[in-house]
Amino acid sequence: MSKAYVKRRCETCGKSFDAKRYQVNCGQGTCCSLSCAARKPRRPLAERFWKKVRKTASCWIWIGALSSYGYGKIWVTERKRQIHATHVSWEIHYGPVPAGLCVLHDCPGKDNRACVRPSHLWLGTKAQNNTARAAKGGNRDQRGEKNHMAILTAGKVRDIRRRHGRGNITQRALAKEYGVCFQAINDILRRKSWTHVA
């Protein structure tokens, strides 16, 4: 067997199978087939939630997946989509969120978007959410390198456009050099992204 595979026992049917090593390292590769994976019992949402929470003296920090704006998110199988971790925290501690209301957060001392501590959460309307976000500076410009997910900078974008304009380097070569995908380079050159950079 190749080093890329690991012998595993299916958690649903018990059959032995070869799982890809990278999947095992990521906590996947537990079932021998998609049909067994579909039959595998799901862990309760509350159990999955608590595995992704690290409590500190002030905030409870979400250490799972984050949205592009820095808010925690978690997959909810019953709803077939991801929702904010603050929403799940509210439901675990206080019950369902009434229709038309949002779960807002207000951490003492600073705006900590990854916080899910129930005492830092409150219910409000979308208008209240927008007002609170504006008061905390949440409506600030998130374009380009101001976005915490950005890999490139405005200077690198200008360099990409200049170098490609000369005609002596391909988009694929630029993508490899700058550590981004081909589509990111294509969007930059077609001015579908980084439109604010001249």
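## Segment after α8

R191 is partly exposed, at 46% relative accessibility (the class between buried, under 20% relative accessible area, and exposed, over 50%, with a 1.4 Å probe and protein chains only). R191 is found in the segment after α8; helices are DSSP runs of H or I with at least four residues, strands are runs of E with at least two, and both are numbered from the N terminus. The phi of R191 is positive, near 60°, in a residue other than glycine. W194 is also placed in the segment after α8, and its phi is near 50°, again positive in a residue other than glycine. W194 is buried, with a relative accessible area of 15%. Most residues other than glycine have a negative phi.

## Basis of the values

This is a predicted model, in which local features need pLDDT of at least 70 and side-chain atom pairs count only at pLDDT 80 or more, while totals for chains, interfaces and linings use all residues. Residues are numbered from 1 along each chain as its sequence is written, and side-chain values use heavy atoms, with hydrogens and water left out.

Strands β1 (residues 5–9) and β2 (residues 16–20) form an antiparallel pair with 5 bridges; pairing requires at least two DSSP bridges between the strands. V6 has A19 of β2 as its bridge partner. There are 6 residues between the two strands of this hairpin, and G14 takes a positive phi near 85°.

G29 sits in the loop between α1 (21–25) and α2 (34–39). With 14% relative accessibility, G29 counts as buried. Leaving aside residues up to four places away in sequence, G29 touches R8, F17, A19 and Q23, where contact means heavy atoms within 4.5 Å. For G29 and F17, the C-alpha to C-alpha distance is 9.6 Å and the sequence separation is 12 residues.

## Helix α4

Helix α4 spans residues 85–94, and its residues A85, T86, V88, S89 and W90 are buried. The cover over the buried residues of α4 includes α3 (45–50) and the strands β4 (60–62), β5 (73–76), β6 (81–84), β7 (102–105) and β8 (121–124).

Two packed helices are described by the angle and the distance between their axes. Here axes are lines fitted to C-alpha atoms, for helices over the stretch in contact, with angles from 0 to 180 degrees between N-to-C directions. Helix α6 (residues 154–166) packs on helix α7 (residues 171–178) at about 155°, with the axes 11 Å apart. The pair is therefore roughly antiparallel (over 145 degrees; under 35 is roughly parallel, 65 to 115 roughly perpendicular, the rest oblique). The crossing of α6 and α7 is right-handed, meaning that the near helix is turned clockwise from the far one by less than a right angle, anticlockwise being left-handed. K156, D159, I160, R163 and H164 of α6 meet Q171, L174, E177 and Y178 of α7. This contact has 3 nonpolar, 2 polar and 4 charged residues (nonpolar: Ala, Val, Leu, Ile, Met, Phe, Trp, Tyr, Cys and Pro; charged: Asp, Glu, Lys and Arg; polar: the others, Gly among them).

The axes of α7 and helix α8 (residues 182–189) come within 8 Å and cross at roughly 115°. That angle makes α7 roughly perpendicular to α8. The crossing of α7 and α8 is right-handed. Its contact residues are Q171, R172, L174 and A175 of α7 and F182, I185, N186 and L189 of α8. By class, the contact of α7 with α8 has 5 nonpolar, 2 polar and 1 charged residues.
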